[in-house]
Number of protein chains: 2
Amino acid sequence: MADNRFSYEGMKALSETVFRRYGYSEEEAREITDVLLTADLFGIESHGCQRMTLYTNGITKIGRIKRDRKPEVVRETPVSALIDAHEYIGQVAAMMATRLAIEKAKKTGVGIVCVKNSNHYGIAGYYARMIAQEHLLGVSMTNTEAIMIPTNGRQALLGTNPIAVGMPAEPYPFLFDAATTVVPRGKVEVYAKKGLEIPADWAMDSEGKTSTLPRRVLDDIGKKQGGGILPLGGAREQFGSHKGYGFGMLVEIMTGILAGGVTSDEIRKRFDCDRCSHFFLAVDYGMFGDREETERRLSAYLNKLRESQTAQGAPCVYTHGQKEMLACEENLRRGIYLNDKTLEEITALCRELGLPPETYLIPVPQEAPEG
Amino acid sequence: MADNRFSYEGMKALSETVFRRYGYSEEEAREITDVLLTADLFGIESHGCQRMTLYTNGITKIGRIKRDRKPEVVRETPVSALIDAHEYIGQVAAMMATRLAIEKAKKTGVGIVCVKNSNHYGIAGYYARMIAQEHLLGVSMTNTEAIMIPTNGRQALLGTNPIAVGMPAEPYPFLFDAATTVVPRGKVEVYAKKGLEIPADWAMDSEGKTSTLPRRVLDDIGKKQGGGILPLGGAREQFGSHKGYGFGMLVEIMTGILAGGVTSDEIRKRFDCDRCSHFFLAVDYGMFGDREETERRLSAYLNKLRESQTAQGAPCVYTHGQKEMLACEENLRRGIYLNDKTLEEITALCRELGLPPETYLIPVPQEAPEG
C-alpha cells in the first residue's frame, strides 16, 4: 500500500465497533470516534487514529480510563457547572460539558463548564468548533501531564496546555487551537526519529541548559528529573518566554484550579491515573449585537487578512481554521492517512477483537498527483 | 536631580489636578490618575506618567479624546453589557465596564462587558487586578492601532492586543499582562535610541523581510505601507508565530468583533479618532468550589513554581504579578521615577496650566545603594 489511505466511513465503523466492544454505549462510541476522526480529517495525525490503541490500552492494560462511574454534574448554576468525570474517558466527559455549556449559553447568554478528574480529551479545537457550530463563541482548554518549563526554570511544572477558540465565519470558521508550549512533544519525537538536531529554543535538558539533542531531552522528560519543552517564546524573556508561560498558567487556572482538580505537575503521577481538568466556555455574541452582522464582520476581517500582502517567500496569509477546513475536504475525498505503525497497531487490535480488518480498512484509490 | 524620583502623593495630586483642569469630575480624575500611576508603581514606565501629556494632547490639541458625550450602556443582560464609550477617555469607560462586570459576576456568577468606540485605556492589567481584588477571576483585553504582522504577511493588520488575567493569591496575586506581539513598539524605540540592532525575529520591514534595523522598521510603521512588529513566536511557524497571531486574533474577536466596534486595522485611521474596543470578564470561582480553598490551591501552586529549580544562570522562577508587587513596594518607598524627557514635559504642562511644579514634584531623597 503506497499511500495508506482508508475510507472515512470504514474507519468510523471500525472505531465505533471497537469502543462498543470496550463497553461504551452506541452514543459514547460515536462521540469518541468523532473526536478521534475529526483530528485526522483536520490533518492533526498525532491526535487521530494513531491514538486509538493509546485509549484502548488506557482502558484495559493501564487502567487509566475507568468505567465504574460515569461523569456527573456535581455543582450547577444557570451559567455554570462543575463535572466530576470520575476518571471516565475524556471525550465523553468533554462532550457532556460542551453540550451543557451550549445549553446554558442559549438560555442565559453564557455557559462555563469545568471538568475535573478526567482523561485526555483529544483535540481542544473539537469542542470549540462544536460550540461555534451553534453560532456561539466557543473556548476550550485542558491541562495535561507536566512538560512545560516555566521561564527561568528547569523543572516541567505545566502541561502543553492547549487553548482553542472557535467562531463561525464564511467561507472558513475561525478555529484557533494551540498548545502553549513552543512545540508539542510529538515535534521533538519527529526530529529524534530523523536523527536531526532541534532548534535551541525548543527544549531544556535536566541540567537546566537549552538543548538541541532531541533524544537527550525526551529521555530527561521520561525520567521526570528536570528538563522539558519551553513555553511559546522559548527560553528568553527577550522573545516573550514569560508570555507563553503566562498563557500556560491561564490554562492551569481555568482548568485544574477552577475545577478543584489537580494542576499539571500532579497529573499522571501514577501510571494508572491521569486526572486532567478541562474548561469550556460558550458565549452568545447576540447579547452584544446582531448575530449575523457580527459573523459578517468577522468574515470580512478574516478575508482581509487572507488577501493581504505576503512576506517575501511566503505562500499566503492563512487564517486559523482555514487549513483544517481544506484538509477536511481533502481527507474525506482521499481517505484517512494511517502511517505504517498505526496501520499495524490497528490491524493487531482488529485481530485481538476478532474483527476482520478488511471489512473496515477500505483502501481509497488515489488519483495521480496533479501537474 | 540625580535620580528623578518624586513622591507618589505629589504625583497623584498633580495628575488629579491636571485632569480636573481638563474638565473631568473629581472621581474621573482620580480614576484616570490611578490607572496611570499604577503603571509607574508596577514599573511599567511606558504606560505611566510618561503618557500624561499624550492624554492631555489627545484631549485638546489632537481631539482624539472627546468630551461631549459620556460612556453609555447601550445593551444589557444579567450577565453582560455593551458600552458605547462615545470616544470618551478610555480609562473612565474601562472603569465603568469593570465595575459593571464585577457587579454582574457577584449577582449571577459571571459578567462580560464589551466597550466600543473608546480610547487607549492604559495597562490592561489594571482592570484584571481590580476584578481580582474582589475575589473574582478577572480578564481584560483591548485592541489597539494595527502594528502586528500576521504570520506570512507583511501588512500590520492586528494591534499589540494585550491580554491580562488576574486572580488573588498569597503572598502575590497572579497577574499576567502581555501584548500578543513578541515585543511592544517601545522596545524597538529603545534599540533605535541606543543605535543597536534588534533581533531578527522581532520586526518586518515594508518589503516583507524581517529586519534588524529599528529605525527602518519604525519609519515603515509610521508610513503604514507595510512592515510592523511580529507576533509572539516571531516570523516562523517553527517557533509558533501562528500561535502569537492566534492570540492576537482572540483579542480582535473579543473586542472589536464582539463589541460591534472596529478591528485594529481600522483604529486611528484618522489622527483625531481612535475607536479601540475593550473586553472585560469577571468570573466568580465560588461557583465551582470553596472560594478560599481555590485561592489557597493557587497560592500553593505559584509557590511551588517560585521554589522550583532554575535554569543555569537564571536568578529564580518568577510568577506573574510577583515583579509588579515588588516594584510597587519599592516605588512607593523610593518615589516614582520620571525620565528627563517626561520630567520636562510635565514641568511644561504645569506651567501651561499655571500650576507650580515644586508643589507637586516633590523629590524623594534616595538612600545610598546597598552593599
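## Where H1(A) meets H11(A)

In this predicted model, A:Met11, A:Leu14, A:Val18 and A:Arg21 of H1(A) contact A:Ile346, A:Leu349, A:Cys350 and A:Leu353 of H11(A). Contact means heavy atoms within 4.5 Å. By class, the contact has seven nonpolar, no polar and one charged residues. Ala, Val, Leu, Ile, Met, Phe, Trp, Tyr, Cys and Pro count as nonpolar, Asp, Glu, Lys and Arg as charged, and the others, Gly among them, as polar.

Helix H1 spans residues 8-21 of chain A, and helix H11 spans residues 340-353 of chain A. Their axes lie 11 Å apart, at an angle of about 50°.

## The largest cavity

The structure holds two cavities of 30 Å³ or more. A cavity is a set of points on a 1 Å grid where a 1.4 Å probe fits but cannot get out; lining residues have an atom within 4 Å of a point. The largest has a volume of about 180 Å³. Among its 18 lining residues, the closest to the centre are A:Met141, A:Leu250, A:Met254, B:Met141 and B:Leu250. The lining has 18 nonpolar, no polar and no charged residues.

## The second largest cavity

This cavity holds about 40 Å³ of space. A:Phe42, A:Ile44, A:Gly125, A:Leu175, A:Asp177 and A:Glu324 line it. Three are nonpolar, one is polar and two are charged.

## Conventions

Residues are numbered from 1 along each chain as its sequence is written, and chains are lettered from A and ligands numbered from 1 in the order in which they are written. Local features need pLDDT of at least 70, side-chain atom pairs count only at pLDDT 80 or more, and totals for chains, interfaces and linings use all residues, while side-chain values use heavy atoms, leaving out hydrogens and water.

Technical notes. On a 1 Å grid over the protein atoms alone, a cavity is a set of points where a 1.4 Å probe fits but cannot get out, and a pocket is an open set with protein on both sides within 12 Å along at least five of seven lines; lining residues have an atom within 4 Å of a point. Grid points are joined across faces, edges and corners, and a volume is the space filled by probe spheres set on the points. Axes are lines fitted to C-alpha atoms, for helices over the stretch in contact, and angles run from 0 to 180 degrees between N-to-C directions. Helices (H or I, at least four residues) and strands (E, at least two) are DSSP runs, numbered from the N terminus.
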